Amino acid sequence: MKPTIICADSHLADLELLRSLLCTLFGATHDILAYGRGDHALDAYERLLDDGTDVPVVISEMHLEDMSGDDLLERIDMRSKHTNKIMVMGDCSAESIARTLSKVPLFRLVVKPWDPDELAMAMYQAIESYDNHENVRALVKQNETLLRHLKTTLRETIDALSTAVEARDAFTNGHTWRVTELALRLADSMRLSSEDAEQLEMACLLHDVGKIGVPDSVLLATHAYSPDEYRQMKEHVITGANIISKISGLDGLGEIVRHHHEHYDGSGYPDGLAGERIPLIARIICLADAYDAMISDRNFRSRYSRERIIAEISMNSGKHFDPVVVEHFLKLSNTL
């Protein structure tokens, strides 16, 4: 389907002269439609757009049978900003031009009687401008489709890694998803941006991915860890960060995963970071992770009571946990 150029002029002789010029210049690549009435031109324009036909240019004389040319072009502009509009005017007083430009953004204003070369140059430039714009739009659309595909693939990779970790330990089945749910509720309470909330969600799903490298003898231990076993377990944050650093598209998540066991007072691991040196998202995960550990039965202990959990988290505000995160947790605690 060829793109279409629409021209409008109430003077039939002038309209035929304009149509003839446009057919000579662009007839091989474009359909040319000519109308004496603005409503006919507008109806044709809307049908073409509804059918998916490109209309790079509408060119109109100021005086039509049923409306002014600037009224027509204004209504064209309301339907689509992409079509370029050219006005042909006999009255080129400053007042007339100012009135027209205040109603519609013109690509070009051509003085009547028009010069064929001048009009041809204006049309060539208008079509080139439209084509360039459409190429950019197509490229943007293509990139958006590719980005959606990459995000889907990335999310599938994240989910697969999370599932692989959870499958190793029946006692922590569902842990990742519960941590994610609480962390996102905290993010909402704290009014994190949508971008930070998205990063938080991905980091939660990957926060224990490093446990893939923890031996079963440690991961599935039915006793409290020995010092050596605890050292091996603590390595999971470093292993996780290293795994994530090798996955394209997860920029920044490695540092969050590395630091989600840091404590607000600097007593955590692996780097002993304190306060706001710990990424905020890691501070949120730290509390959500600890909460889920306390509500869950483990190999070597039973779950804590709700009262004990609230007391433990409150007591560790400013120690293990960021006081601000604790404050928002306590607001939510009655709904957990």
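**Exercise 1.** Determine whether R283 counts as buried or exposed.

*Solution.* R283 has a relative accessibility of 12% and therefore counts as buried, the class for values under 20% relative accessible area, with exposed over 50% and partly exposed in between (1.4 Å probe, protein chains only). The model is predicted: local features need pLDDT of at least 70, side-chain atom pairs count only at pLDDT 80 or more, and totals for chains, interfaces and linings use all residues. Residues are numbered from 1 along each chain as its sequence is written, and side-chain values use heavy atoms, leaving out hydrogens and water.

R283 belongs to helix α12 (residues 280-295); helices are DSSP runs (H or I, at least four residues) numbered from the N terminus. Beyond neighbours within four places in sequence, R283 is in contact with Y264, G275, E276, I278, D322 and V325, contact being heavy atoms within 4.5 Å.

**Exercise 2.** Identify which residues touch the most other members of the largest nonpolar core.

*Solution.* They are L206 and I313, in a core of 41 residues. Such a core is a set of buried Ala, Val, Leu, Ile, Met, Phe, Trp, Tyr and Cys residues joined through side-chain atoms within 4.5 Å. Helices supplying at least two residues each include α5 (116-166), α7 (194-206) and α13 (306-315). The largest share, 9 residues, comes from α12.

Next, consider I313. Leaving aside neighbours within four places in sequence, I313 is in contact with L287, Y291, M294, F321, V326 and F329.
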